[in-house]
Amino acid sequence: MWHVVNGRGLKVGHAASRIARLLIGKHKPTYNPAFDAGDYVVVTNAEKLIFTGDKWKQKLYRWHTGYPGGLKEVKAKDMLYKHPDAIIRTAVSKMLPKNKLRWERLKRLRVFVGEEHPHEGQVSQGYHYQVEPQSRSAVDPALAAFRDQVVADPDAFVRKYGGGKFSIVPQEQGMAVVATKIKGTHAHAVRSFGNTRSLRAARLDRLRKVVEDIQSAQAREAAKRDPL
């Protein structure tokens, strides 16, 4: 069969893991690691795959020409400009098992820049496997239901948790929704969505405050024992 994977907005690692599974044939009930029973995979929009964080500047692709001093390296952003298909091809190659079937499976990987590809006839006869990127701004359904319940009956939430609030932190890659419950002078997050930089900074600030409180308490105890 022929499968089509649309690379628009997909992370390179996630797309490579799915493609490798199709090339190996793990999605079939007749899968056998000793035989090459995988399918063909056509990747479109290879230039629109994404890396998270600063990988475009930090990630390096290295190879050796075989001559003395022939070690070459190219940053991911430069590789995207020169050979955009090599990014997903290299990622898939590293995820395949390192055996004699590896190169035969890679021959069935067809990578193209843009939407068009010359394999419409083969794909129409087989199975059209379309992978769409997940929405980054999607909110956890359980958290959304929890929020709707609080909004519908805030008095019940106050009686149960002693008060509460919600905060929505906008980010470049979506949003982070934090539900906080308050009892007396203590507050902690009930549930949070998104491992964003602001949430990590808030956790570090809370941890730093706890450590400072412990250190100040230890200093007061030491001063009581030894006033000089």
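A nonpolar core is a set of buried Ala, Val, Leu, Ile, Met, Phe, Trp, Tyr and Cys residues joined through side-chain atoms within 4.5 Å. The legends below describe a predicted model, beginning with its largest core of this kind.

**Figure 1. The largest nonpolar core of the predicted model contains 27 residues.** Ile 19, Leu 23, Val 41, Ile 88, Val 92, Leu 96 and Leu 109 have the most contacts inside this core. At least two core residues come from each of α1 (12-24), β2 (40-44), α3 (76-82), α4 (84-95) and β5 (109-111). The greatest contribution is that of α1, which supplies eight residues. In soluble globular proteins, nonpolar side chains tend to be buried together.

**Figure 2. Ile 88 is shown with the residues that it touches.** Apart from residues up to four places away in sequence, Ile 88 touches Val 12, Ala 15, Ala 16, Ile 19, Leu 49 and Val 111. Ile 88 is also one of the residues with the most contacts inside the largest nonpolar core.

**Figure 3. Helices α1 and α4 cross at roughly 60°.** Two packed helices are described by the angle between their axes and the distance between the axes. Here the two axes come within 8 Å. The crossing angle of roughly 60° makes α1 oblique to α4. The crossing of α1 past α4 is right-handed. On the α1 side, the residues that meet α4 are Val 12, Gly 13, Ala 15, Ala 16, Ser 17, Ile 19, Ala 20 and Leu 23. Their counterparts in α4 are Ile 87, Ile 88, Ala 91, Val 92 and Met 95. Sorted by class, this contact comprises 11 nonpolar and two polar residues, with no charged ones.

**Figure 4. The buried residues of α4 are shown with the elements that cover them.** Pro 84, Ile 87, Ile 88, Ala 91, Val 92 and Ser 93 are the buried residues of this helix. Their cover includes the helices α1, α2 (55-58), α3 and α5 (102-106). The strands β3 (60-64) and β5 are also included in the cover.

**Figure 5. Asn 45 lies in the loop between β2 and α2.** With a relative accessibility of 1%, Asn 45 counts as buried, because buried means under 20% relative accessible area. Leaving aside its neighbours within four places in sequence, Asn 45 is in contact with Asn 6, Gly 7, Arg 8, Phe 112, Gly 114 and Glu 115. Asn 45 and Pro 84 are 39 residues apart in sequence, and their C-alpha atoms are 9.4 Å apart in space. The phi angle of Asn 45 is near 55°, a positive value in a residue other than glycine. Most residues other than glycine have a negative phi.

**Figure 6. His 119 lies in the loop between β5 and α6 (120-125).** The relative accessibility of His 119 is 10%, so this residue counts as buried. Not counting residues up to four places away in sequence, His 119 touches Trp 2, Val 42, Arg 110 and Phe 112.

**Figure 7. Leu 60 and Lys 55 are shown together with Lys 77.** Leu 60 is found in strand β3, whereas Lys 55 lies in helix α2. Leu 60 counts as partly exposed at 28% relative accessibility, and Lys 55 counts as partly exposed at 36%. Leu 60 touches Glu 73, Val 74 and Lys 75, not counting residues up to four places away in sequence. Along the chain, Leu 60 and Lys 77 are 17 residues apart, with 9.2 Å between their C-alpha atoms. Lys 55 and Lys 77 are 22 residues apart along the chain, and their C-alpha atoms are separated by 8.6 Å.

**Figure 8. The protein chain has nine helices and eight strands.** This legend gives the setting of the close-up views. Of the 228 residues of the protein chain, 28% count as buried. Among contacts between residues at least 6 apart in sequence, 56% join residues at least 24 apart.

Methods: Residues numbered from 1 in each chain as written. Predicted model: local features only at pLDDT ≥ 70, side-chain atom pairs only at ≥ 80, totals over all residues. Heavy atoms only, no water. Buried < 20%, exposed > 50% of the residue type's maximum accessible area, 1.4 Å probe, protein only. Helix = DSSP H or I, 4+ residues; strand = E, 2+ residues; numbered from the N terminus. Contact = heavy atoms within 4.5 Å. Axes fitted to C-alpha atoms, helices over the stretch in contact; angles between N-to-C directions. Parallel < 35°, antiparallel > 145°, perpendicular 65-115°, else oblique. Left-handed = near helix turned anticlockwise from the far one by under 90°. Nonpolar A, V, L, I, M, F, W, Y, C, P; charged D, E, K, R; others polar.
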